[in-house]
Amino acid sequence: MLELDRTRWGFKMKTVYFADRPFDVDGVDWVNFQHVKAKVDAPDFERTEKVNAVVDLKKGPDHLWENMSSKCRTDIRKSENDDIEIEVNENFEEFIRLNSEFRKEKRLPPVFEYYLRPPLPDFCSLFTAKHAGSIVGGILFIKDDREMYAMLAASKRLAVDKEAAQLLA
């Protein structure tokens, strides 16, 4: 479980990731539980389901690969053949700029999360893809010792020609 505290606009806020179930939290004005394992309906608790990528880190890379769709495995192999390089926990500031451009292109609001400021916090893992020395995409995960939760993804697929977009898709 990962708990992040912050103050915004004078309110004490807590976000809890990977809890088994929601619980009472004292001393805060607002609490948000992300990726709660149990589907619990409780008084004064509003549950919303969202689709997201959650990776179980206990099972290891072989298990992840075997349980991936064949299309996803094919796309990964293809990207390796197209000289796409994956870097882990590098290019943080470049990813933040890419995300800002991506969100403008898609007309999405900006992201103001406090952990999106350098340096990359220990509770995050960033995977970026490079082609011809330039960042073309990335995905930021929040993690604890058991799981990773996809928080933010962006790519240049909207800002390039159709052939390059196909490479990035």
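Buried means under 20% relative accessible area, exposed means over 50%, and partly exposed lies in between, with a 1.4 Å probe and protein chains only. By that scale asparagine 32 is partly exposed, at a relative accessible area of 23%. This is a predicted model, in which local features need pLDDT of at least 70 and side-chain atom pairs count only at pLDDT 80 or more, while totals for chains, interfaces and linings use all residues. Residues are numbered from 1 along each chain as its sequence is written, and side-chain values use heavy atoms, with hydrogens and water left out.

**Figure 1. The chain comes to 4 helices and 8 strands.** Helices (H or I, at least four residues) and strands (E, at least two) are DSSP runs, numbered from the N terminus. Along the sequence the pattern reads β-β-β-β-α-α-β-α-β-β-β-α. The chain has 169 residues, and buried residues make up 30% of them.

**Figure 2. Strands β1 and β2 form a hairpin with 2 residues between them.** Two strands pair if DSSP finds at least two bridges between them. Here β1 (residues 2–8) and β2 (residues 11–17) pair in the antiparallel sense over 7 bridges. Leucine 2 has tyrosine 17 of β2 as its bridge partner. In the turn, tryptophan 9 has a positive phi of about 55°.

**Figure 3. A salt bridge joins the side chains of lysine 14 and glutamate 3.** A salt bridge is a side-chain nitrogen of Lys or Arg within 4 Å of a carboxyl oxygen of Asp or Glu. For lysine 14 and glutamate 3 the N to O distance is 3.0 Å. The pair links distant parts of the chain: lysine 14 sits in strand β2 and glutamate 3 in strand β1, 11 residues apart. Lysine 14 is buried, at a relative accessible area of 10%. Glutamate 3 is partly exposed, at 37%. Glu3, Asp5 and Lys14 are linked in a network of salt bridges. By this rule the count comes to 5 salt bridges.

**Figure 4. In helix α2, aspartate 75 and lysine 71 are 4 residues apart.** Their side chains meet in a salt bridge, 2.9 Å from N to O. Why are aspartate 75 and lysine 71 separated by about one helical turn? Because they are 4 residues apart in α2 (residues 70–81). An α-helix has 3.6 residues a turn, so residues three or four places apart point the same way. Aspartate 75 is partly exposed, with a relative accessible area of 35%. Lysine 71 counts as exposed, at 55%. Helix α2 has 12 residues and reaches 17 Å from its first C-alpha to its last, close to the 16 Å expected at 1.5 Å a residue. That expected span is 1.5 Å times one less than the number of residues. Just after α2, aspartate 83 takes a positive phi of about 65°.

**Figure 5. Glutamate 87 forms a salt bridge with lysine 130.** The closest N and O atoms are 3.9 Å apart. Glutamate 87 lies in strand β5 (residues 85–88) and lysine 130 in strand β6 (residues 124–131), so the pair ties together parts that are 43 residues apart in sequence. Lysine 130 counts as buried, at 17% relative accessibility.

**Figure 6. Strand β7 (residues 134–143) is mostly covered.** Of its 10 residues, 7 are buried. β6 and β7 pair in the antiparallel sense over 8 bridges. Cysteine 124 has isoleucine 142 of β7 as its bridge partner. The hairpin of β6 and β7 has 2 residues between the strands, and alanine 132 takes a positive phi near 55° there. β7 also runs antiparallel to strand β8 (residues 147–155), joined by 7 bridges. Glycine 138 has alanine 154 of β8 as its bridge partner. β7 and β8 form a hairpin with 3 residues between them.

**Figure 7. Asparagine 32 and lysine 50.** Asparagine 32 is placed in strand β3. Its C-alpha atom and that of phenylalanine 45, 13 residues apart along the chain, are separated by 9.8 Å. Lysine 50 is in the loop between β3 and β4 (54–56). Lysine 50 is exposed, with a relative accessible area of 58%. The C-alpha atoms of lysine 50 and glutamine 34, 16 residues apart along the chain, are separated by 9.7 Å.
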